[in-house]
Amino acid sequence: MYSEDDHRHMSRALALAERGLYTATPNPRVGCVLVKGGAVAGEGWHERAGGPHAEVNALAAAGSAARGATAYVSLEPCVHQGRTGPCTEALVKAGVARVVAAMRDPNPLVAGKGLDALQRSGIEATAGLMEEAARELNIGFVSRMTRSRPWVRMKIAASLDGRTALANGQSRWITGPEARRDGHHWRARACVVLTGGGTVLEDDPQLTVREVPTTRQPLRVVVDSKLETPPAAKVLEGGGALIAAAREDKPKIAALRARGAEVIVLPNAAGKVELPALLRELARRELNEVHVEAGHRLNGSLLREGCVDELLVYIAPAVLGDKALGMFELPELTGLAQRHALKVHDLAKVGEDIRILARTA
C-alpha cells in the first residue's frame with residue numbers, strides 16, 4: 001500500500017515531530033512533510049500549545065507549491081477548533097491532493113473525523129504508515145486520551161544486586177554522571193516529576209531539570225499522606241508544586257500554600273493517598289507523562305496498585321549487600337505466578353551503567 005518513498009517521507013515527519021519532545025505538551029508531538037513531484041516542498045512541526053500546528057507550518061513553508069502535494073503527517077489532522085483552527089480546513093484550502101497520516105488521533109474530538117473530512121473534500125486520506133513509531137512518540141497523549149490517565153514511567157538507580165540506597169539512606173551517587181544526565185532528559189520530556197514525602201524529608205530534592213537545556217520545567221508533585229513536607233523544602237522553591245495528601249490539616253496546608261504550593265486531599269480507605277485518583281486528576285489537568293523518582297515505599301505502592309506503565313532502571317556495576325534498601329516495598333510472594341511480569345522494551349549502556357526500559361505486562 002505504501003511505497004519506499006512514503007516510508008522515507010514519513011520517517012522525516014516523525015523526526016520533525018520529535019523536535020517537540022520537550023515542548024509540545026499537552027498537545028501531541030506532530031511533524032509534517034509536504035512533497036510534490038518527488039521533492040520536499042515544505043516541512044513543519046508543532047512546537048508548543050497555542051502555536052501553529054505542524055501542518056500549518058509546513059503549508060506556510062511550501063506556499064503555492066502545496067497545491068497538488070502529498071502531506072505526510074505523524075498524526076491525523078485535527079478537524080475541531082481548539083487553541084488554533086482545524087488543520088483539515090488549511091489542507092483543503094491549500095489544495096493538497098493526498099494526506100498520509102501515521103496514526104489516527106485518539107482524541108475523541110478527532111478520532112477518524114479528520115480523515116473523513118479530507119476524504120469528503122476529495123483528498124485521498126489514509127492512516128497507518130509507521131503507526132507504532134508514531135504511537136511511541138506520543139505514548140503519554142495516547143494514554144491520557146484512551147485511559148484518562150497519564151503514562152507513568154518510574155526511574156530507579158540501583159546497584160547490580162538491586163539496591164537503591166544504604167540502610168542509613170545514603171544513595172548519592174550509585175550511578176555515574178552519564179546516567180544522571182540521561183535521567184534528566186527523561187525528566188525534561190515529562191509533564192510531571194513525582195516523588196514521595198519520605199524522599200523529600202530524606203533527600204530534599206529539587207526535582208527540576210538541570211543537566212540538560214530546557215525551556216519548560218515539569219510540574220513537581222509530592223505524594224505526602226501526612227503533610228510532612230517542610231515549608232522550606234527545595235521542591236517548593238519557585239512555587240507551583242502540587243502536594244497530594246490524605247488528610248485535612250489546615251495549619252499545614254496553609255503553610256504549604258504560603259510557599260506557593262497547591263494541596264489536594266485524596267484519601268483512600270487505608271488513610272493513604274488514592275494513587276489511581278491522583279493519576280486521573282493529573283490527566284484532567286492535561287498532563288501526559290509522569291516521571292516518578294521516589295523511594296521504595298511509594299515505588300511499591302504505585303506498582304502494587306497498577307499505576308506503573310514502565311520502569312526506567314539504571315544499573316550500576318556495584319554491589320551494596322542485603323542490608324541496603326531495595327527498589328520496591330512489596331508483600332512477600334508465596335508463588336512465582338504472583339510476580340510482576342515485565343517486558344524489556346529497550347536496553348542500552350550509558351557511561352559505565354546499564355539502562356533498562358521495561359514495561360508492565
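**Charges, fold and selected residues in a predicted model**

The chain carries 47 positive and 42 negative side chains, and the centres of these two sets lie 3 Å apart. The structure discussed here is a predicted model, so every value below is computed from that prediction.

Now for the overall build. The chain contains 11 helices and 16 strands. Its C-alpha trace spans about 65 × 45 × 40 Å along the principal axes. How does the radius of gyration sit with the rule for a compact globule? A compact globule of 361 residues would have a radius near 21 Å, and the 23 Å found for the chain agrees with that. As for what is tucked away, 51% of the 361 residues count as buried. The exposed surface comes to about 16,700 Å², with carbon and sulfur atoms supplying 51% of it. Contacts tell a story about sequence distance, too: taking those between residues at least 6 apart in sequence, 69% join residues at least 24 apart.

Next come the cysteines. How many disulfides are there? The count is zero, going by sulfur pairs within 2.5 Å. Cys32 takes part in no disulfide, and the nearest cysteine sulfur, which belongs to Cys87, is 8.5 Å away. Because a disulfide needs the two sulfur atoms within 2.5 Å, that 8.5 Å gap rules out the pair of Cys32 and Cys87. Cys307 is likewise in no disulfide, with the sulfur of Cys191 as its nearest cysteine sulfur at 17 Å. Is Cys32 buried or exposed? Cys32 is buried, with a relative accessible area of 0%. Cys307 is buried as well, at 2%; the cut-off for buried is under 20%, so this value falls on the buried side.

Ala179 belongs to helix H7, which covers residues 177–189. With a relative accessible area of 2%, Ala179 is buried. Leaving aside residues up to four places away in sequence, Ala179 touches Tyr314, Val350 and Asp353. Asn138 lies 41 residues from Ala179 along the chain, and the C-alpha atoms of the two are separated by 24 Å. Arg147 is part of helix H6, residues 139–147. Arg147 counts as partly exposed, at 37% relative accessibility. Its contacts, again not counting residues up to four places away in sequence, are with Val142 and Asp309. Arg147 and Ala283 are 136 residues apart along the chain, yet their C-alpha atoms are separated by 9.2 Å.

Loops hold some interesting spots as well. Thr208 sits in the loop between helix H8 (197–203) and strand E9 (219–223). Despite its place in a loop, Thr208 is buried, with a relative accessible area of 14%. Which residues does Thr208 touch, not counting those up to four places away in sequence? The partners are His184, Arg187, Gln217 and Arg220. Gly295 is in another loop, the one between strand E12 (289–292) and helix H11 (296–304). At 27% relative accessibility, Gly295 counts as partly exposed.

Most peptide bonds are trans, and most residues other than glycine have a negative phi. Against that background, the peptide bond from Thr25 to Pro26 is cis, with omega near 5°. Pro26 is found in the loop between helix H1 (4–17) and strand E1 (31–36). Where does Ala111 lie? Ala111 is in the loop between strand E4 (98–101) and helix H4 (113–120). Its phi is near 40°, a positive value in a residue other than glycine. Ala111 counts as partly exposed, at 43% relative accessibility. Met130 has a positive phi too, of about 60°, although it is not a glycine. Met130 lies in the loop between strand E5 (124–127) and helix H5 (131–137), and at 29% relative accessibility it counts as partly exposed.

Definitions and conventions: Residues numbered from 1 in each chain as written. Predicted model: local features only at pLDDT ≥ 70, side-chain atom pairs only at ≥ 80, totals over all residues. Heavy atoms only, no water. Buried < 20%, exposed > 50% of the residue type's maximum accessible area, 1.4 Å probe, protein only. Helix = DSSP H or I, 4+ residues; strand = E, 2+ residues; numbered from the N terminus. Rg over C-alpha atoms; globule rule 2.2 N^0.38 Å. Contact = heavy atoms within 4.5 Å. Areas by Shrake-Rupley, 256 points an atom, 1.4 Å probe, with all protein chains shown as cover. Lys, Arg positive; Asp, Glu negative; His and termini not counted. Charge placed at Lys NZ, Arg CZ, Asp CG, Glu CD.
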